[in-house]
Amino acid sequence: MSARSTTWVRRAAALVLVVALVAVGVAWWRSQMPGTYSAAAMGRPDFGGGTRFGDHQGGHTGGTSVVDLVDPHRRPDARVELVARAQQVTLPSGQTFDGYTLNGTTPGPTLRFTQGQYVEVVLRNENVAGGTTLHWHGLDVPAAMDGVAGVTQDAVMPGGSFTYRFTVTQSGTFWYHSHQVSHRQVVGGLFGALVIDPVGTTTPAPDAIAVTHNYAGGSRSINGVVGDVSHTASPGQVVRVRVVNTDNSPLGVWVVGAPFRVLAIDGTDLVGPTPLTGTKLLLTAGARADLEVRVPPSGAVRVAMPGASMVVGPKGATAPPAGASPGPTLDLLGYGTPAATGIDATEADRHFRYAIGRLPGFLRGRPGYWWTINGRMGDDVPMFMVRKGDLVVMTISNSSGQAHPMHLHGHHLLVLSRNGVTATGSPWWVDSLHVENGERYEVAFRADNPGVWMDHCHNLPHARDGLMTHLMYEGVQTPFLLGKNSGNEPE
Ligand code: C2O
Ligand code: CU
């Protein structure tokens with residue numbers, strides 16, 4: 001090569017390097033978020049092929065504020081006070097860690113209300129540095145009561161309080177948890193079970209609550225007890241076991257010693273559930289299942305999960321060992337019998353695509369390999385725009401290499417199909433949906449609860465790492481702010 005062409009090659013290489021560096025610099029710069037910003041101004045408005053409307057970006061002026069989206073006020077039928085505390089927690093097993101409690105325990109107290117009640121829950125933050133909130137996972141409460149820091153309220157700082165008031169319209173098994181720095185506070189213990197008895201129940205049917213959680217250190221617990229717990233029931237008795245997965249990863253649950261039925265998923269009863277044996281149920285992060293078991297004439301029945309069980313039977317009765325997790329997994333797509341849903345997907349007003357992927361890039365100025373939605377990350381993800389009354393179909397697909405438990409606030413999703421296979425069983429309504437790598441779900445919901453609603457992965461570190469966006473109603477705005485100077489950090 002002549003000296004001249006060598007110089008030319010060097011110059012070209014230098015130019016390519018400079019261009020690449022500038023591109024990286026621009027990507028980094030663009031990924032920075034301002035010190036404070038509104039959730040309402042996040043992302044790129046996506047109207048899902050439906051009617052467009054004008055007031056989507058910013059939404060600081062005019063419109064309805066989320067704080068005004070409340071249920072009509074009346075004298076509460078039930079009132080609870082919960083004190084959040086950061087403290088050293090000692091589990092009954094002796095295991096100790098720095099965590100969080102509500103009224104001194106983790107899980108916090110089980111809240112039990114009756115459908116139709118207007119309830120009041122006062123959250124007091126004793127000393128949780130950086131603030132806390134409570135979100136009612138699976139309850140479609142009015143937006144002002146959703147408990148998301150920076151979206152529906154400010155985080156409650158130490159010494160402060162917030163009063164949640166709402167009418168409970170659903171019944172079933174739910175849970176509550178912090179939605180401020182949730183990837184730390186929930187893992188550390190700031191959560192509890194929430195059970196709503198159907199209206200008209202005077203004596204609730206016998207039930208047991210099994211809240212599962214892996215605390216720091218990693219052993220699985222049920223109701224805060226590591227390993228096996230027992231629930232007393234007499235021979236022949238039918239018990240509804242309410243399993244709540246409060247972890248970040250999916251949970252296999254199976255029953256040994258008797259057949260079982262899945263009565264409800266995510267707080268909605270299934271129609272025509274049939275008895276199952278030798279099958280496990282996969283409960284995604286944030287999800288709940290009500291399992292029906294009958295105590296055998298002698299001995300006990302075991303509701304098993306990896307590393308822990310609930311033994312249901314007379315005091316001291318033993319249940320068969322958990323054994324290995326059964327291979328077959330119940331497919332809820334074809335379980336139970338079909339029934340009317342009030343949803344006709346052919347009449348959808350909007351079709352959204354929520355395609356989960358993963359790409360290298362910058363998220364809020366940090367380089368990494370981040371989750372993407374429709375190929376984009378950070379402030380470029382779609383903001384799903386709806387009008388009250390819309391029927392919405394959403395296609396959730398996943399090519400990210402990992403499974404994701406997808407959770408939409410304020411609404412329940414009806415599963416229509418998976419990988420093109422139409423649902424044939426009981427109507428399957430979820431608020432937390434397990435989407436495996438390579439899967440594609442079609443779901444539908446009615447936009448009937450105005451607000452600004454998070455729509456995120458419930459593997460909470462994934463939400464922090466970008467798998468998070470919002471569903472936004474026309475004409476709704478929020479006065480609260482996100483960003484590093486806001487004091488609010490919902491993920
Ligand atoms: Cu269980 Cu966004 O929450
Ligand atoms: Cu995820």
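**Entry 1: salt bridges**

I count a salt bridge when a side-chain nitrogen of Lys or Arg lies within 4 Å of a carboxyl oxygen of Asp or Glu. The model I am working on is predicted. By this rule I get 22 salt bridges.

I looked for a network next. R112, D197, D207, R240, R242, D269 and D290 are linked by salt bridges into one. Are the two partners buried or exposed? D290 is buried at 2% relative accessibility. R242 is buried too, at 6%.

**Entry 2: E120 and its arginines**

I then went to E120. It forms a salt bridge with R79, with the closest N and O atoms 2.6 Å apart. E120 lies in strand β6 (residues 118-125) and R79 in strand β3 (residues 78-90), so the pair joins parts 41 residues apart in sequence. I also find a salt bridge from R165 to E120, with 2.9 Å between the closest N and O atoms. R165 belongs to strand β8 (residues 161-167) and E120 to strand β6, so here the tie spans 45 residues of sequence.

E120 has 8% relative accessibility and counts as buried, because the cut-off is under 20%. R165, at 29%, counts as partly exposed.

**Entry 3: aromatic pairs**

I searched the whole structure for ring pairs and found 11 aromatic pairs. One of them is W136 with Y164, edge-to-face, 5.4 Å centre to centre and 75° between the planes. This pair links distant parts of the chain: W136 is in strand β7 (residues 135-137), Y164 is in strand β8, and they are 28 residues apart. W136 is buried at 0% relative accessibility. Y164 is likewise buried at 0%.

W428 lies in the loop between β29 (421-422) and β30 (429-430) and Y441 in strand β32 (residues 440-446), so the pair ties together parts 13 residues apart in sequence. Both W428 and Y441 are buried.

Which residues form one aromatic cluster? I list W136, F162, Y164, F166 and Y176.

**Entry 4: a charge over a ring**

Last, I looked at R358. Its charged end sits over the ring of W371, 4.1 Å from the ring centre.

Conventions. Residues are numbered from 1 along each chain as its sequence is written. Chains are lettered from A and ligands numbered from 1 in the order in which they are written. This is a predicted model: local features need pLDDT of at least 70, side-chain atom pairs count only at pLDDT 80 or more; totals for chains, interfaces and linings use all residues. Side-chain values use heavy atoms; hydrogens and water are left out. Helices (H or I, at least four residues) and strands (E, at least two) are DSSP runs, numbered from the N terminus. Buried means under 20% relative accessible area, exposed over 50%, partly exposed in between (1.4 Å probe, protein chains only). Rings of Phe, Tyr and Trp (its six-membered ring) pair if their centres lie within 6.5 Å; planes under 30 degrees apart count as stacked, over 60 as edge-to-face and the rest as tilted. A charge sits over a ring if NZ of Lys or CZ of Arg is within 6 Å of the ring centre and within 35 degrees of the ring normal.
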